[in-house]
Amino acid sequence: MIQRGITKLSNKTLGDEGEHLAANYLIGLGYQIMARNFRIRAAELDLVAKDGDTIAFVEVKTRRSTRFGTGAEAVNGRKQQKIIQAARYFLQQRHLEGAPCRFEVIEIYAEKGGTPVLHHIKGAFET
């Protein structure tokens, strides 16, 4: 879980902590985590989770502030295409091509000295 010294964490560690927090949040909502950090050559899926019958491909963006924009703004068209490509490969690999899916973004703001704030965006973008 993200601790008080978060502002001293490297960006990689901050991202890892954010993904851990997001996974626990989703589990608390009843999602089942299917994969973490699923990689293909050109892209990575932070979290793949099952919400009922729907497969959710979740991009986690952890920020110390919104000074350089929101986490969701960082998931631009190019990033979305990479996530979609990885999602298609994941579905093919697991023989789940016909399953209902959606793309989500979880923004986590871990400002200095404060409790992390999580913002969950279901249906953040479409194919």
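## Arg102 and its surroundings

Let's start with Arg102, which sits in strand β4. Keep in mind that this is a predicted model. The Arg102 side chain forms a polar contact with the side chain of Glu104, at 2.4 Å.

Leaving aside residues up to four places away in sequence, Arg102 touches Tyr31, Asp51, Thr54, Ile55, Ala56, Phe57, Lys122 and Gly123.

## Helix α1

Now to helix α1, which covers residues 11-28 and has 18 residues. From its first C-alpha to its last, α1 reaches 26 Å, close to the 26 Å expected at 1.5 Å a residue. Just after this helix comes Gly30, with a positive phi of about 100 degrees.

Which residues of α1 are buried? They are Leu14, Gly18, Glu19, Leu21, Ala22, Ala23 and Leu26. The cover over these buried residues includes β1, β2, β3, β4 and β5.

## Helix α2

Helix α2 takes in residues 77-93. His95 follows α2 and has a positive phi, near 55 degrees.

In this helix the buried residues are Ile83, Ile84, Ala86, Ala87, Phe90 and Leu91. What covers the buried residues of α2 includes the strands β1 (32-40), β2 (43-51), β3 (54-63), β4 (101-109) and β5 (117-125).

Terms used
Residues numbered from 1 in each chain as written. Predicted model: local features only at pLDDT ≥ 70, side-chain atom pairs only at ≥ 80, totals over all residues. Heavy atoms only, no water. Helix = DSSP H or I, 4+ residues; strand = E, 2+ residues; numbered from the N terminus. Expected span 1.5 Å × (residues − 1). Buried < 20%, exposed > 50% of the residue type's maximum accessible area, 1.4 Å probe, protein only. Contact = heavy atoms within 4.5 Å. Polar contact = N/O pair within 3.5 Å; in protein donor to acceptor, adjacent residues only side chain to side chain.
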